[in-house]
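Me: Please take a close look at one part of this structure. Keep it to what can be computed from the atoms, and give the cut-offs as you go.

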Amino acid sequence: LLTLSSCLVWTLATLAQSQAQTYDEVLIARVVMGGACAFAAPAAYTLIADKISKDKLAFANSLYGSGVYLGGALASLSLLLDNNMGWRG
């Protein structure tokens, strides 16, 4: 329930951010997105622990946790692509 609620709030905040007209609206939407993510991560680790066998739990947790670093790397790559190609391609 917590994971689903976090996902719903995150989705609504993303929608609000896309419709924002001012900097303050974008800022509020981003803060709400951060709050939703703060609730999603602990719930995800609990879900992994419930669904994955104990002998594979460490690997599953490390795989999920590595997504933070992979996401950061891809975000950095997107900045390089934007600088070279422009955001419209």
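Reply:
**Surface patch, pocket and selected residues**

Leu70, Leu74, Leu77, Leu80, Leu81 and Met85 make a nonpolar surface patch of about 610 Å². The model is predicted, with local features needing pLDDT of at least 70 and side-chain atom pairs pLDDT 80 or more, while totals for chains, interfaces and linings use all residues. Residues are numbered from 1 along each chain as its sequence is written, and side-chain values use heavy atoms, leaving out hydrogens and water.

A patch takes residues with over 30% relative accessible area and no salt bridge; like charges are joined within 9 Å, and nonpolar side chains (Val, Leu, Ile, Met, Phe, Trp, Tyr) within 5 Å. Accessible areas come from the Shrake-Rupley method with a 1.4 Å probe, and for residues only the protein chains shown count as cover. A salt bridge is a side-chain nitrogen of Lys or Arg within 4 Å of a carboxyl oxygen of Asp or Glu.

Leucine 81, one of the patch residues, sits in helix α3, residues 57-85. Helices are DSSP runs (H or I, at least four residues), as are strands (E, at least two), numbered from the N terminus. Leucine 81 counts as partly exposed because its relative accessibility is 43%; buried means under 20%, exposed over 50%, and partly exposed in between (1.4 Å probe, protein chains only). Asparagine 84 also belongs to helix α3 and is exposed because its relative accessible area is 67%. Its C-alpha atom is 28 Å from that of threonine 22, 62 residues away along the chain.

Helix α3 also gives the largest share of the lining of the largest pocket, 4 residues. The lining consists of Cys37, Ala41, Tyr45, Tyr64, Gly65, Gly67 and Val68; the elements giving two or more residues to it are α2 (23-51) and α3. The volume of the largest pocket is about 210 Å³. On a 1 Å grid over the protein atoms alone, a pocket is an open set of points with protein on both sides within 12 Å along at least five of seven lines, and lining residues have an atom within 4 Å of a point. Valine 68, in helix α3, is exposed because its relative accessibility is 60%.

Conventions
On a 1 Å grid over the protein atoms alone, a cavity is a set of points where a 1.4 Å probe fits but cannot get out, and a pocket is an open set with protein on both sides within 12 Å along at least five of seven lines; lining residues have an atom within 4 Å of a point. Grid points are joined across faces, edges and corners, and a volume is the space filled by probe spheres set on the points.
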